Amino acid sequence: MPDPEILYHKHEVLDSTNQNLYHIGKDTTIDKIVVWTVKQTQGKGYMGNAWHADAAENITMSLLLRRPHIALHEMALINYYICTQVVNSLSKWHIEAKIKWPNDIVIENRKVGGLLVENRLMQGKIDYCVVGLGLNVYQKVFTGLPNAASIKLFMPNFDVEIDQMVKEIAQSVYAHVQDLKSENAGLLMSEYFTRLAYLKEWRKYKYRDSILVARLISINTRGDALFEFEDGPNLWLKHKEIEFLYK
């Protein structure tokens with residue numbers, strides 16, 4: 001059954017769904033708010049990267065999570081939880097997506113989506129967080145993005161309305177949000193870990209300007225990943241310290 005407590009805001013054009021919802025979050029006490037737009041002009045990705053999506057062909061949405069019971073040093077658990085719920089939602093339409101550490105959504109070695117989590121802190125705790133999701137659904141051309149793809153490119157007969165997908169994903173996220181707490185760190189990490197792409201697979205990575213062969217073998221609550229190198233020691237690394245190479 002649809003959750004009647006979720007408040008939806010749909011726009012034709014927005015500069016950024018995350019920015020819009022971040023400001024809304026300051027002015028309301030409502031716990032469950034979703035913003036999405038047909039066209040986004042200044043979308044943001046992880047670590048300041050730009051996110052480009054053709055209008056009316058993709059999902060550009062943000063969700064508000066109010067006061068998650070997550071310690072500041074374990075904020076990566078929020079990302080783990082959302083990534084897991086997005087992949088779970090897509091499986092309802094028989095979309096075989098996985099997570100590329102830390103927050104990309106991939107299908108068959110091509111990126112179809114990504115997440116951006118932004119937190120508002122108050123008195124040393126998370127007041128609320130805004131979770132942005134960009135998901136390529138129907139777009140067919142990705143100029144200058146050789147590793148990008150969309151659901152439609154893998155599933156030519158896929159025909160689900162964007163608005164329906166937005167609401168289904170939101171329902172999935174909010175249906176289990178009570179599990180998002182530090183005391184469930186083991187469960188949140190386990191569910192995320194089992195949905196990782198390239199898990200324990202020997203793959204090529206760029207590390208300190210060198211191309212090396214390594215495999216991801218573990219994660220922690222800070223968002224770091226443990227890599228085993230073919231010729232070298234095991235290292236805990238943060239995102240941007242190591243780059244996955246699709247080819």
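Colleague: In which strand is the place of Asn136, and why does Asn136 count as buried?

Modeller: Asn136 sits in strand E7, which covers residues 125–136, strands here being DSSP runs of at least two residues and helices runs (H or I) of at least four, both numbered from the N terminus. Its relative accessibility is 3%, and Asn136 therefore counts as buried, the term being used for values under 20%, with exposed meaning over 50% and partly exposed the range in between, for a 1.4 Å probe and protein chains only. This is a predicted model, in which local features need pLDDT of at least 70 and side-chain atom pairs count only at pLDDT 80 or more, whereas totals for chains, interfaces and linings use all residues. Residues are numbered from 1 along each chain as its sequence is written, and side-chain values use heavy atoms, with hydrogens and water left out.

Colleague: What does the side chain of Asn136 reach?

Modeller: It comes to 3.0 Å from the backbone oxygen of Ala149.

Colleague: Why is Lys32 called buried, and what joins its side chain to that of Asp3?

Modeller: Lys32 lies in the loop between H1 and strand E2 (33–40), and its relative accessibility of 16% is why Lys32 counts as buried. The side chains of Lys32 and Asp3 are joined by a polar contact of 2.7 Å, a term that asks for a pair of N or O atoms within 3.5 Å, one able to donate a hydrogen and the other to accept it within protein, while residues adjacent in sequence count only if both atoms are side-chain atoms. Leaving out residues up to four places away in sequence, Lys32 touches Asp3, Glu5, Ile6, Leu7, Leu64 and Tyr174, where touching means heavy atoms within 4.5 Å.

Colleague: How do you know that Thr17 is buried, and which residues is Thr17 in contact with beyond its neighbours in sequence?

Modeller: Thr17 belongs to helix H1 (residues 17–26), and its relative accessible area is 3%, so the residue is buried. Beyond neighbours within four places in sequence, Thr17 contacts Val35, Trp36, Thr37, Gln40, Thr60, Met61 and Ser62. Ser62 is 45 residues from Thr17 along the chain, yet their C-alpha atoms are separated by 5.7 Å.

Colleague: What makes H2 and H5 oblique to each other?

Modeller: Helix H2 (residues 76–91) and helix H5 (residues 185–193) pack at about 45°, with axes 9 Å apart, and they are therefore oblique to each other, since angles under 35 degrees count as roughly parallel, over 145 as roughly antiparallel, 65 to 115 as roughly perpendicular and the rest as oblique. The contact is made by Leu77, Asn79, Tyr80, Tyr81, Cys83 and Thr84 of H2 together with Ala185, Leu188, Met189, Glu191 and Tyr192 of H5.

Colleague: Why do Glu108 and Asp209 count as exposed, and what is the phi of Glu108 and of Asp209?

Modeller: Glu108, in the loop between E5 and strand E6 (110–122), has a relative accessible area of 66% and is therefore exposed. Asp209, in the loop between strand E8 (203–207) and strand E9 (210–219), counts as exposed because its relative accessibility is 73%. Phi is near 50° for Glu108 and near 70° for Asp209, both being positive values in residues other than glycine. Most residues other than glycine have a negative phi, and most peptide bonds are trans.

Colleague: Is the peptide bond from Trp101 to Pro102 cis or trans?

Modeller: That bond is cis, with omega near 5°, and Pro102 lies in the loop between strand E4 (98–100) and strand E5 (104–107).

Technical notes
Axes are lines fitted to C-alpha atoms, for helices over the stretch in contact, and angles run from 0 to 180 degrees between N-to-C directions.
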